[in-house]
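Work through the exercises below with the structure in view. Each task is followed by a solution in steps.

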Amino acid sequence: MLHIQAAKARQPSQARIGLAIAGGGPIGGMYELGVLRALEEAIDGLQLTNLSVYVGVSSGAFLSAALANRMDTAAITRVFITGDHDDVQFQPDLFVKPAFWEYTRRALSLPRVILRWWRDLLLDPGSANLNSTLARFGALIPSGIFDNEQIERFLSAAFTRHGRTNDFRELLRKLYVVAVDLDNGETIRFGEREWDDVPISRAVQASAALPGLYPPVEIRGRQFVDGALRRTMHASIAMDQGVDLVIGINPLVPFDASLARAHGKRPESLVEGGLPVVLSQTFRTLLQSRAHVGMAKYEHQYPHVDQLFLEPNSDDAEMFFTSVFSYKSRRRVCNHAYRATMSDLRRNRDVLAPLLARHELKFRPEILEDTERSAFESLQAPRRRHTKTTARLRRALDDVESILQKRRVTTRRAPRQTDRG
């Protein structure tokens, strides 16, 4: 579903575009990749590797960091879906390796916990109740099931090859990766001046540390967890940077079973799916609710910014009933999101066209009208491996082209502004 908020206070656009991508687990990330593929192909002039600012939360941080590092959606697709990228090799089981060190660390603390329990019991027998005992021995439960250290190592290797960088300060575009301090609930924006010395890979690891699944990530003696704990997309970060257009993507929405039944889809009732389905619906409802509350506020707080927010339809059984860790479904989900986004763009073409034109963007009719097109149709053959020097040269040429494009935009706008003056 596409939500459009046209700016109320119309001022000349400088075509500064921001991107905010929410979390949603591995499958949520694949949905977001499909959306980005559709936007990149259907909209002429939208260069997702050359935006003004990127904001990433949890799985969205992977995509934002890659785009800010000049990896386009085709390259990201080759890394995470087709597996034929020239220098970045991804293993699908990377996200589900058991956190053996966390298990061991907790197990080693068992004698100390038992000793303290016996000591306190002898000194104060009245303290021996079920609640206090459960609280004491609860410290033995691992803080995360899966290991996220290998995720950090994978990203670090990917961002330090062929002209890419793992340093926020070396990026030509602003990148913000959002995480939350577990001990005080404070939102931290990695990429800001106080935190831009933290490696991008480490910041993404922290932002994606969903409590219960992954252990908190220690940075500067503080423990960080998933950035979605405070807000869903944090799109206001991009708007605070003075963008003219912000694009937001949220992959998790609650499922409307009654609407699905009206369209002849399953199920009879979500409660039949048991606790996992009930918890999933609850979690998705909270995330979408916060996202929509934010969108309503943005309309008044940023009246000069055009806003496009994309998310699955509420009767999208494909997204709701696919496990967020179902790696075998990643190709199907990515293509599903691609086609759903294309359908949304076609349906809203008349409203979107003038809004896009304000930012020197326009639709590519031959792509938008191709209802059979897939997210993988335009993937080029894998590029020949580049050395670090040739990769930097190619990026420098891209920068020159970007500068020339901005100057052409400024030149085209100058007469209009003079006429109004």
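**Exercise 1: The largest cavity**

The largest cavity of this predicted model has a volume of about 70 Å³. Find which residues line the largest cavity, and which helices supply them.

Solution. 

Step 1. List the lining: Phe62, Ala66, Met71, Val79, Phe80, Val88, Phe154, Leu155, Ala158 and Phe159.

Step 2. Assign helices. At least two lining residues come from each of helix H2 (59-68), helix H3 (73-82) and helix H7 (149-158). H7 has the largest share, with three residues.

Step 3. Sort by class. The lining of the largest cavity holds ten nonpolar residues, no polar residues and no charged residues.

**Exercise 2: The second largest cavity**

State the volume of the second largest cavity, then determine which helix gives the most to its lining.

Solution. 

Step 1. The volume of the second largest cavity is about 60 Å³.

Step 2. List the lining of the second largest cavity: Met1, Tyr31, Leu310, Glu311, Pro312, Asn313, Asp316, His336, Ala340, Thr341 and Asp344.

Step 3. Look for the main contributor. Helix H13, residues 330-347, gives the most, with four residues.

Step 4. Sort by class. Five residues in the lining of the second largest cavity are nonpolar, three are polar and three are charged.

**Exercise 3: The whole structure**

How many cavities of 30 Å³ or more does a search of the whole structure find?

Solution. 

Step 1. Apply the cut-off of 30 Å³ or more to the whole structure.

Step 2. The search gives five cavities.

Note on methods:
Residues are numbered from 1 along each chain as its sequence is written. This is a predicted model: local features need pLDDT of at least 70, side-chain atom pairs count only at pLDDT 80 or more; totals for chains, interfaces and linings use all residues. Side-chain values use heavy atoms; hydrogens and water are left out. On a 1 Å grid over the protein atoms alone, a cavity is a set of points where a 1.4 Å probe fits but cannot get out, and a pocket is an open set with protein on both sides within 12 Å along at least five of seven lines; lining residues have an atom within 4 Å of a point. Grid points are joined across faces, edges and corners, and a volume is the space filled by probe spheres set on the points. Ala, Val, Leu, Ile, Met, Phe, Trp, Tyr, Cys and Pro count as nonpolar, Asp, Glu, Lys and Arg as charged, and the others, Gly among them, as polar.
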